[in-house]
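Hi,

Here is the structure I promised you. Have a look at it first, then read on for what turned up in it.

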Amino acid sequence: MPNEPWSEPRAAGIIAEHVHLEGATLPILHALQETFGYVDEGAVPLIADALNLSRAEVHGCITFYHDFRRAPAGRHQLKLCRAEACQAMGSDALHTQILARLGVDWHGTTADGEVTVEPVYCLGLCANGPGALVNDEPLARLTADSLEAALTEKMS
Amino acid sequence: MSITITVPRDAVALGLGANRVARALFAGAERRGLDVTIVRTGSRGMLWLEPMIEVATPEGRIAYGPVTPADVDALLDAGLVEGGAHPLRLGDPEKIPYLARQHRLTFQRCGVVDPVSVADYRAHGGYRGLEAALKLDAAGIVAEVRESGLRGRGGAGFPAGIKWNTVMLAQSHQKYVVCNADEGDSGTFADRMMMEGDPFNLIEGMTIAGIATGATRGYIYLRSEYPQAFATLKEAIANGVKAGVLGADVLGSGKAFHLEVRLGAGAYICGEETSLLESLEGRRGIVRAKPPIPALKGFLGQPTLVNNVMTFTAVPYILEHGAKAYAEYGMGRSLGTLAIQLAGNIKRGGLIEYAFGITLREIIEDFGGGTQSGRPVRAVQVGGPLGAYFPDHLLDTPLDYEAMAANKGLVGHGGIVVFDDTVDMAKQARFAFEFCAVESCGKCTPCRIGATRGVETMDKVIAGIRPTENLAVVADLCDVMTDGSLCAMGGLTPMPVMSAITHFPEDFQQRGPMSVAAE
């Protein structure tokens with residue numbers, strides 16, 4: 001599903017839907033990122049007002065977590081597992097190969113804006129590594145070719 | 001009559017094409033005019049056989065695997081729906097030695113039931129633990145948990161009964177039960193498999209905990225790297241509310257238990273319980289100093305029982321069968337079963353639920369069948385990224401909290417990651433520091449700064465720059481991190497580092513182009 005362009009009224013609506021929750025900050029940030037693909041700077045004062053927090057507290061929360069992005073990313077998210085169980089199956093060399101094929105470094109987005117590559121530490125696919133997630137779909141026993149096939153399928 | 005075929009929707013099975021297998025089965029059955037119902041289950045845990053499908057025949061379930069979409073037509077032509085012969089036929093899955101040898105108490109239903117069906121859960125013995133608990137008073141439930149010997153399965157091994165008792169005795173208008181489902185350790189997937197395959201076991205365990213401690217609200221803090229588990233848990237909770245096993249009146253007892261699942265955001269440190277609570281409250285996941293302990297002052301300052309998925313999911317069995325039945329498994333002060341996760345470079349990786357006391361060698365050789373690459377095993381990391389690397393001569397150590405500690409290792413969450421002889425242990429030691437630097441919450445200096453200094457110093461060792469002197473610096477740094485860190489992140493990072501240096505010294509000397517000049 002493509003992301004919506006940033007909209008302050010839309011963001012305010014999303015925040016209002018979650019404001020009653022105990023500890024609403026993370027659910028709000030997840031919902032905003034799901035809608036817009038990232039958490040816009042403009043959301044910070046809105047969240048702070050709604051939850052009676054300082055803007056610094058909201059900014060601190062967004063920047064603490066690896067998941068939250070502060071700028072739009074590629075249309076598809078590729079997460080490659082860099083943890084030990086995948087290392088034991090040769091993930092380091094595989095990642096070098098994958099990054100070279102895509103022409104990006106970690107956290108980078110391909111020139112055509114299709115794919116953003118993020119490192120993750122464990123996807124729970126440790127007995128069938130190397131593991132990856134394309135958007136929310138797991139890939140086990142990953143190879144550069146099986147990844148290319150999965151990405152091609154997503155983009156078609 | 002419709003024939004039921006189960007196809008797992010466990011993340012590993014999906015990662016190996018289970019959805020495409022399910023679609024091919026559906027289409028192939030339709031073309032042949034076969035009346036087939038496809039049920040999506042969790043995984044049995046024999047992960048090298050995934051996707052493993054099962055057909056319900058009059059003689060019981062017959063398994064086939066690993067099945068690819070290309071196999072489906074041949075399978076249907078071979079009489080799959082009657083359990084017909086085919087090279088992929090595995091027979092009765094429960095007779096496969098890998099599964100038959102295990103002690104499946106907690107994982108008895110995983111891979112068997114429809115994960116989101118309350119009716120299926122009950123048909124397979126579910127909610128008998130809660131029914132038994134409802135016949136006891138709170139102190140009676142806590143006594144059962146205490147007498148079972150159950151210790152926290154997240155890694156610390158703290159006696160569950162003591163924690164439950166503390167929360168039960170705490171006075172407050174609102175107490176909480178929080179499940180730590182931030183399973184971040186590499187090599188672990190037991191929580192994921194349980195949440196995807198038998199989430200009602202977790203829901204039942206947490207409900208029993210709520211009733212025992214007087215907590216009417218519960219949260220499952222789930223890592224965001226598990227999107228399948230998130231979807232399954234949400235569906236299961238909604239179905240549980242509809243069926244009256246969750247909500248204002250649990251099983252007609254007049255007792256309330258409301259449960260919600262919350263997503264983390266990619267921070268390993270949030271598996272530490274105080275950091276988890278900070279995150280659940282909506283803040284940066286910064287570790288809190290203890291005391292006060294969460295059992296007295298936890299979520300929103302209220303008494304909070306925080307346990308791991310595997311701790312809660314052991315509870316329904318204990319309440320149904322009694323503390324004694326559970327305590328008959330295990331050894332010494334490590335009682336019951338451990339969900340062992342065999343991973344990394346291994347031929348037959350998977351979930352092995354077994355009584356404490358089994359040795360690493362039995363798991364790796366008897367269950368695992370050696371490495372996937374066929375090369376010799378060189379190093380085995382036990383208990384996640386903060387666990388020790390063991391060499392071959394320590395593989396006869398039994399998995400038991402005390403025996404592992406005696407060998408400067410830990411059981412952790414039960415993950416075992418196998419490496420073959422191509423592993424470079426200096427790189428693994430460097431990675432342990434790098435991981436700590438990426439994931440440190442930053443509150444205490446030994447962890448925040450120590451991890452980065454550790455990476456830099458290991459880089460010098462790897463480049464062959466004065467290895468002996470630099471390894472002495474690493475050892476000193478590790479002492480500071482062990483003694484001076486606020487939590488296990490900084491406190492245990494030295495464990496993989498020092499075990500690698502101690503057991504594999506040859507990987508740390510005479511490296512790089514500068515070694516001769518520098519010496």
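Of the 156 residues in chain A, 37% count as buried. A residue is called buried if 20 or more other C-beta atoms lie within 10 Å of its own, exposed if 12 or fewer, and partly exposed in between, with C-beta atoms placed from the backbone. In chain B, buried residues make up 59% of the 519 residues.

Before you go further: this is a predicted model, so local features need pLDDT of at least 70, side-chain atom pairs count only at pLDDT 80 or more, and totals for chains, interfaces and linings use all residues. Residues are numbered from 1 along each chain as its sequence is written, while chains are lettered from A and ligands numbered from 1 in the order in which they are written.

Chain B averages 96, and 99% of its residues score at least 70. Look out for residues 515-519 of chain B, though: pLDDT stays under 50 there, and the model has 5 contacts beyond four places in sequence for them. Two residues are in contact if their C-beta atoms, placed from the backbone, lie within 7 Å. For the complex, the predictor gives an ipTM of 0.97 and a pTM of 0.96.

Now the overall build. Chain A has 7 helices and 4 strands, and from the N terminus on they run α-α-α-α-β-α-α-β-β-β-α. Chain B has 22 helices and 16 strands. Helices (H or I, at least four residues) and strands (E, at least two) are DSSP runs, numbered from the N terminus. Along its principal axes, the C-alpha trace spans about 50 × 30 × 20 Å in chain A and about 80 × 60 × 40 Å in chain B.

Chain B also passes a quick check: a compact globule of 519 residues would have a radius of gyration near 24 Å, and chain B has 24 Å, which agrees. That radius is taken over C-alpha atoms, and the globule rule is 2.2 Å times the number of residues to the power 0.38.

If you take contacts between residues at least 6 apart in sequence, 58% of those in chain A join residues at least 24 apart. For chain B the figure is 72%.

Next, where do the two chains meet? The contact takes 35 residues from chain A and 46 residues from chain B. On the side of chain A that touches chain B, the elements giving two or more residues are helix H2 (25-36), helix H4 (55-64), helix H5 (84-87) and strand E4 (137-139) of chain A. The largest share, 4 residues, comes from H2(A). By class, this side of chain A has 21 nonpolar, 8 polar and 6 charged residues. Here Ala, Val, Leu, Ile, Met, Phe, Trp, Tyr, Cys and Pro count as nonpolar, Asp, Glu, Lys and Arg as charged, and the others, Gly among them, as polar.

At 1.5 Å a residue, its 12 residues should span 16 Å, and its end C-alpha atoms are 16 Å apart, which agrees. (The expected span is 1.5 Å times one less than the number of residues.) Which residues of H6(A) are buried? They are Ser91(A), His95(A), Ile98(A) and Leu102(A). Seen down the axis of H6(A), they fall within an arc of 65°, so they line one face of the helix; the arc is that of the directions from the helix axis to the C-beta atoms. An α-helix has 3.6 residues a turn, so residues three or four places apart point the same way. The buried residues of H6(A) pack against strand E1 (76-81), H5, strand E2 (115-120) and helix H7 (144-155) of chain A. On the other side of H6(A), Ala93(A), Thr96(A) and Ala100(A) are exposed. Just after the helix, Gly103(A) takes a positive phi of about 70°.

Most residues other than glycine have a negative phi, and most peptide bonds are trans.

- Asn52(A), in the loop between helix H3 (43-51) and H4 of chain A, has a positive phi of about 55° although it is not a glycine. With 7 C-beta neighbours inside 10 Å, Asn52(A) counts as exposed.
- Tyr127(B) has a positive phi too, near 70°. Tyr127(B) is buried, with 24 other C-beta atoms within 10 Å.
- The peptide bond from Glu50(B) to Pro51(B) is cis, with omega near -10°.

Conventions:
pLDDT = per-residue confidence, 0-100. Expected span 1.5 Å × (residues − 1).
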